[in-house]
Each structure stands twice: as C-alpha cells, then as structure tokens.
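Please keep the structure open while reading.

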Amino acid sequence: MERPELQNEPVSVEGTISEDLSLPQKDQEEEENTDKANICADPDSSSDMKAETCKEREDSGDALPANESAAVCCHRDQVPEKEGGEGETTSAAGTSDDLDPYAYAKDGKYTTENFKIEVRNLPRYAGFAQFKKRMVNQGLTPHKVKIIQRDNIAFVAFRCEEDRQKALEVLNSHVWKGCSLSASKSNPAADPLVKKRKEREESGAGSSQKRARGNDEDDEDLPVKDRLLLAVTPLWNIPYEEQLKQKTESQKVVLGKLSRAIENVNPGLGSWVVQQRKQYDNMCCKLEDITPSPILNNYRNKNEFNIGISPEGKEKTIGFRLGRYKGGSCTVVSPYDCPNLPDTAKDMVRIFQTYLEQSTRSGYDTEKHQGHWKQLTVRTTQGSEVMVMVQFNVQDLSEEEIDKEKQLLKDYFSIGPGKDCGITSLFFQAHKQRRPGDEEASHQLLLGKEFIQEKLLRMTFRISPDAFFQVNTLAAEVLYSKVADWCDFTKDSTVLDVCCGTGTIGLTLAKHVKKVIGVELCQQAVEDAKVNANINGIDNAEFLCGKAEDILPDLVRRLYGTELVAVVDPPRAGLHTRVISVLRKCSNLTKLVYVSCNSQSAMPNFIDLCRPTSNKFKGAAFRPVRAVPVDLFPHTRHSELIIQFDRTQST
C-alpha cells in the first residue's frame, strides 16, 4: 500500500492517523486522532482511508507529493463545509475573507480548532500514546493530539468548550515525570491555502491570475502536463533501472536507522547489531535485491479523481490536483497523460466529464465548500469489469432533489449516452459535513452489481466499494509469493493475518498451512474475505471483525501451543503499539513477516518489536533477519518493504 512521506518536523506517530474533520489540511503524520488509535485502517487519503478498513490508507495515494498515487483525493474536507447549495465558485482573491487564513473558524460552523489548547513543558521524548493515556487517566477526552517533540509542546483539540475548560484546569501545573505542565488556550491553525495566497498578495509575487488559482510556486513555470506528471509520477522520465536504484537506496537508509535504533533501545542486542552492520553495509540485516514490478504502465486498478477548477479556469474538471492544499494549490488537471493509469480509467473520466458538463449542478469548491460534484473513483480489473463511485456533496438539497440527481445519473448510464461505456457497477455517495465520530456515508448502488471480481494467483477475489485491494494486481502476485516464501511455514502452521483486508494474503497461503485467521476492522472487508474463501473452496480460514488490539489478546490465548506465524500488512501509520505488545507476549509466535507500505512511518513498530523485555513488552524481543523491497508503484518514489523478524532467545 502506498503511504505518505514523513514530515521533517519531529512528530510522535504512535497512533493511527485519521481523516481530520475540522482542520485545514496538514500532512497526515502530523495529526493523531485519538478516536481511531487502532490502526487497522490504502496508498493513496480521504475516502480511501477506508471507511475505516484495516488498511485502506493506501489507495488514497501516496500521501504523496501531491497526487503521487494517481489516486489522490482532496482531504481538504477538513475545514468545515459551509452552507450553500449551487453557489458558483467565487474568485479566490479580492475580499478580506478571501485573504483571512482564519475565516473558516469564524463563520459559525463547527470545528474542533475552536476548542484547542497548547500544553508546554512536556517530559522529553513524551510520545503520543503516553500523553493520550495520561490525559484519559485524568478524566479528559481529547479528540486530536499533535506533539512537537523538539519543543516539548503539544496541541490538543477537544469537541466542545466544556471539555477544553476541564483540560485547562486539570493540566495546568499538573506534574508528569517531574515536569510541571502549563496549559493555555490556543488559536486555530491557519488555513494553508489562504495563508499562502495572502503571502503572495502581500509580496506582490506572481500575476493576479496565478495567485487566484493558488498554483504551486516551485513548478508553475513548467507546462501543465509536466507539472501533472511530476505530481502524480515524479520518476516518469527516469529509466526504470534507475528508479529501482533510488528505491533501494531509500530502504537502505531505513534499515540503517533501524540498526542504530535497536542498538540504542536494546543493549542486549548490541553486539549482534554491530556484527550485522559490519556485514550488511551499516544495515541491521541483509537487504535483498529489489523485486521489480512485472508491469510498468497502466497498472493502477483503483484511481480517485478530484473534481475542481483547471489552471485555465474550467469548472468541473475531473483529474488530479497539481499540488498539496498546504502548498497553496487547488487546481485540477485531466489525467490523460498519466502513464500509470489504465485506458479504461481514462475512458471513464472522459464519459463522466461529458456528463458533468451537461449537469446543472456545480463542482465542489474545496476552499469555499460550495457546490456538489466532488470526487470520481474508478476501480478496474484485468477482465472487463468496471466499478465507478461518484461522490456528491448534498449541501442543503432536499431528499427529493438528491433523488433526482441520482435518477439523472442512473438514466444517463443505463438508457442515455453512457449506456455502452462498460460500467458494471455504479455507486452514488451522498457526502455531507461530518462531525467527530460520524461515519463516512455509505455507497448506494444505482446500477449493476454490488461488487467486481479480480483474479490473483489463480484465485478469485470479490471487491466491494470500500474494500482494500492492492492497486497493482500483477505486482501484488509477486509480493504475496515472496511473503509465502518467507513465512517458512509447515502443514501444521497457523497463520495470523493482521489487518487482512479482503483476505488476499491469508487466502493465498491457506492451501499450505493448517489454519488461517484474519483480523480486520472493516465489516464489509470481512464479509468479502469470507465470500472469497468460499469462492475459492477454502475451508481452513476464519476472519474476525474488530480492532486488532481488542481481538488479539483472547485470540493468541486460544492459539497458545500452536505453531504460529504472523503476517502483518498495516496502513501507513503502522500497527497500534498495543498490537505489538500482544504479539510480543505470544510466546509461540517465533516468526513475523511485516509488509510495510511506508517503512519510515512503520519505524516505531520495528523498534518496538526489538525492544528488551519489559512490563509493556513482556515477550522476548524480535530481531530483523532479512528484508526485500518490492516495487508496486513504478514511476513513483514508493515501494513496499518486507521484513522478516525472528524471535530472540532471551533479550
């Protein structure tokens, strides 16, 4: 799964990162949502953040430099949506509100930014999980937590003023690890796009047209096509062999950091680490040659397209954003030049572009939170099946008006000009402003089947709208085959598949082992996994729905004495620390294969697996014995990394 790149800012990342419902867009690693501290959650952001399946933080795209997964969606629903139905998009510059980065917090709409505090004098190296636990133990109910470790400060957002006032009373002068905390009210964060625009207005940099469109400054002099390719596939013009070298080097850096971290946190493994570093070029284990993707172009089977304004000012353009909202960019460019998209997905964009142009409803304005047509998601298979999901912001439309839009959409693709375009499943998602704790709106089937089916390793898998499935099917076959080779199981082995999604990894291993048990947070994904087992005639697989940290304690007790192998394939943020703790405690688990879509973000997991025995991590430590990158995302900077961890004897 593709995941975002880390920020330069040192931030604690011990929880899962959830879609922020109330802040201006920030890179995900900055924010920790305490409601979803379990991780099971694609590469690639907003709706793809799986509503919340155990891994869909991939498909949203590589958090990417902008859209680098080619499926990047605009997460900027984070600023509360404003009233207004079909209001036309107004000029981005001109009025005082247009240049006020804090206007979103003053318009009377709900945002937790208005209930935020700043906490100073935190203990050195205080982590997110520790601080959250401390606050909860004091009777507080934090909604979001951001820790800036270098300054020993934290920003905490609450759901209401009453919760904030209680936190101020409790945390002021509260002593933690010898440090007396100080807490004060904090101002809302600035809207990054408006802040960037204001800076440009004040400096006079660039034409008013460019300022109005919010284009990224770095590449704005390049042709639009080149800017799009750099945003979506930044390595597009580099020979593939060189791409593989760059990806290998980035994973070498990760394994070098891990070797130093293990040496620091576990002195008992110190001599072993020193020997490993001498033998493997300063890395903690052997890094095998990167496994290339068997397909370089047209490989993405899931793509999320934004609907917005083009650099030329054309409204309701379907495609990808040229940059991050945080970088001041909202413009959308048609995706036809992207090499990693299949022709079928591009064809769907063309036909929907035609439909939107004749629609009386406007496109959704990410900045003003006005308009309706927001996002188009296209899932394709190696066969001929095509699933399309349309996200429509209902604003203040009545149910009758919404039903009319659904009927118009259905008619266009059933009896109208779009009836022969090849769509086999058409879904409508009525999107609206959400408050903390609200669930993502469900997908309503308008036309065709409720799911599509894909072939992988001579098996058939059912895929529902929210289900996770690797975006490069042929490369996923290579990835899963490598996992099978590394598990080193026997016919008596039980495979524990943590964050199993629709069961792809576990089911491909089932014929080689005694039992497969998958754990997944998303109920629909679990249902798909069960169906997939039945479709493929597999009767030795069991799938459990819930948070991994809640399910695993009882499960591993049940599996005590079995020959156990664990495979984990979590989202970008990695596993919750409680999951690592449970896996460590399971003494009959001697081998763990970790599939990481973002090895930088997963570093805390790697380190926790290798920590010495303690009250928190009661089992003997693991240690990395070998690793291999697998390229699932040609032309981007990202690759999967498989690491095999073996249990040590006593440390």
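In this predicted model, strand E22 (residues 589-596) is largely enclosed by the rest of the structure, because 7 of its 8 residues are buried. Buried here means under 20% relative accessible area.

**Neighbours of E22**
- Strand E21 (residues 563-568) runs parallel to E22, and 5 bridges join the two.
- Val568 has Tyr594 in E22 as its bridge partner.
- Strand E24 (residues 640-647) runs antiparallel to E22, with 6 bridges between them.
- Tyr594 is bridged on this side too: its partner in E24 is Ile643.
- E21, helix H14 (residues 577-585) and E22 form a β-α-β unit, and the unit is right-handed.

**The sheet as a whole**
- The sheet is open, has 8 strands and shows mixed pairing.
- Its strand order is E8-E23-E24-E22-E21-E18-E19-E20.
- Strand E8 (286-287) and strand E20 (541-545) are the edge strands, each pairing on one side only.
- Gly518 has Phe543 in E20 as its bridge partner.

**Asn306 in strand E9**
- Strand E9 spans residues 302-308 and includes Asn306.
- Asn306 has a relative accessible area of 4%, so it counts as buried.
- Asn306 and Ile318 lie 12 residues apart along the chain, yet their C-alpha atoms are separated by 5.7 Å.

Definitions and conventions
Residues are numbered from 1 along each chain as its sequence is written. This is a predicted model: local features need pLDDT of at least 70, side-chain atom pairs count only at pLDDT 80 or more; totals for chains, interfaces and linings use all residues. Side-chain values use heavy atoms; hydrogens and water are left out. Helices (H or I, at least four residues) and strands (E, at least two) are DSSP runs, numbered from the N terminus. Buried means under 20% relative accessible area, exposed over 50%, partly exposed in between (1.4 Å probe, protein chains only). Two strands pair if DSSP finds at least two bridges between them. A crossover is right-handed if, with the strands pointing away from the viewer, the path from the first strand over the helix to the second runs clockwise.
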